[in-house]
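Reader: I have a model open and want the terms behind its labels spelled out. Please go through them with me.

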Amino acid sequence: MRRFPDREQFFLARTQTIEPMAPHLLYSSLLILLGLAVVYDIATRRIPNGLVLGGLLAAMACQPFVIGGVGLASAALGAVVGLAVMLPLYLLRAMGAGDAKLMAAIGAFLGPTQILGAALLTLAAGGVLALVAALWSRSFRRVTADLGLM
């Protein structure tokens with residue numbers, strides 16, 4: 001076992017052994033969170049709070065070890081921005097609370113700048129899926145009529 005003269009060298013050596021693996025751990029954790037959220041959402045039409053909290057904690061645990069990562073403060077800010085972006089849609093009942101909370105957990109993984117792009121892509125993908133569902137169920141005319149009322 002190596003001896004370190006001070007704590008700073010110990011922690012520097014410790015993080016140097018973890019850092020090469022950390023980005024993979026971070027993105028793997030995010031993919032697992034998203035995969036589980038999809039499975040739960042399709043099966044039960046709900047996203048459990050425990051899953052979202054676990055994702056948030058996993059993001060916060062991984063951030064200190066990522067080279068070029070967002071860091072704890074930016075991860076927390078990313079979570080707030082992710083929730084703030086989706087909160088108006090939840091208040092308008094356009095999306096569920098679980099979806100808004102999940103975006104907060106994703107924001108903790110990505111940080112405040114990248115979560116904006118991820119939220120925009122999420123909304124665009126949801127719009128495309130809504131159009132496909134309307135066409136599939138042959139209710140496209142009714143959907144466009146409803147849009148005309150808005």
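**Core and helix packing**

Author: The largest nonpolar core holds 24 residues, and Leu102 and Ile106 have the most contacts inside it. This is a predicted model, in which local features need pLDDT of at least 70 and side-chain atom pairs count only at pLDDT 80 or more, while totals for chains, interfaces and linings use all residues. Residues are numbered from 1 along each chain as its sequence is written, and side-chain values use heavy atoms, leaving out hydrogens and water.

Reader: What makes a set of residues a nonpolar core?

Author: Its members are buried Ala, Val, Leu, Ile, Met, Phe, Trp, Tyr and Cys residues, joined through side-chain atoms within 4.5 Å. Buried means under 20% relative accessible area, exposed over 50%, and partly exposed in between, with a 1.4 Å probe and protein chains only.

Reader: What does Ile106 contact, leaving aside its neighbours within four places in sequence?

Author: Leu30, Leu34 and Ile115. Contact means heavy atoms within 4.5 Å.

Reader: Why is helix 4 called roughly parallel to helix 6?

Author: The axes of helix 4 (residues 71-91) and helix 6 (residues 112-136) cross at roughly 30° and come within 8 Å. Angles under 35 degrees count as roughly parallel, over 145 as roughly antiparallel, 65 to 115 as roughly perpendicular and the rest as oblique. Therefore helix 4 is roughly parallel to helix 6. Helix 4 passes helix 6 in a right-handed crossing.

Reader: Which residues meet there?

Author: Helix 4 brings Ser74, Leu77, Gly78, Val81, Gly82, Val85, Met86 and Leu89 against Pro112, Ile115, Leu116, Ala119 and Leu123 of helix 6. The residues of this contact divide into 10 nonpolar, 3 polar and no charged.

Reader: Why does Gly71 count as partly exposed?

Author: Its relative accessibility is 23%, so Gly71 counts as partly exposed. Gly71 lies in helix 4. Gly71 and Gly111 are 40 residues apart in sequence and 8.4 Å apart in space, C-alpha to C-alpha.

Reader: How much of the chain counts as buried?

Author: Of its 150 residues, 26%.

Technical notes:
Axes fitted to C-alpha atoms, helices over the stretch in contact; angles between N-to-C directions. Helix = DSSP H or I, 4+ residues; strand = E, 2+ residues; numbered from the N terminus. Left-handed = near helix turned anticlockwise from the far one by under 90°. Nonpolar A, V, L, I, M, F, W, Y, C, P; charged D, E, K, R; others polar.
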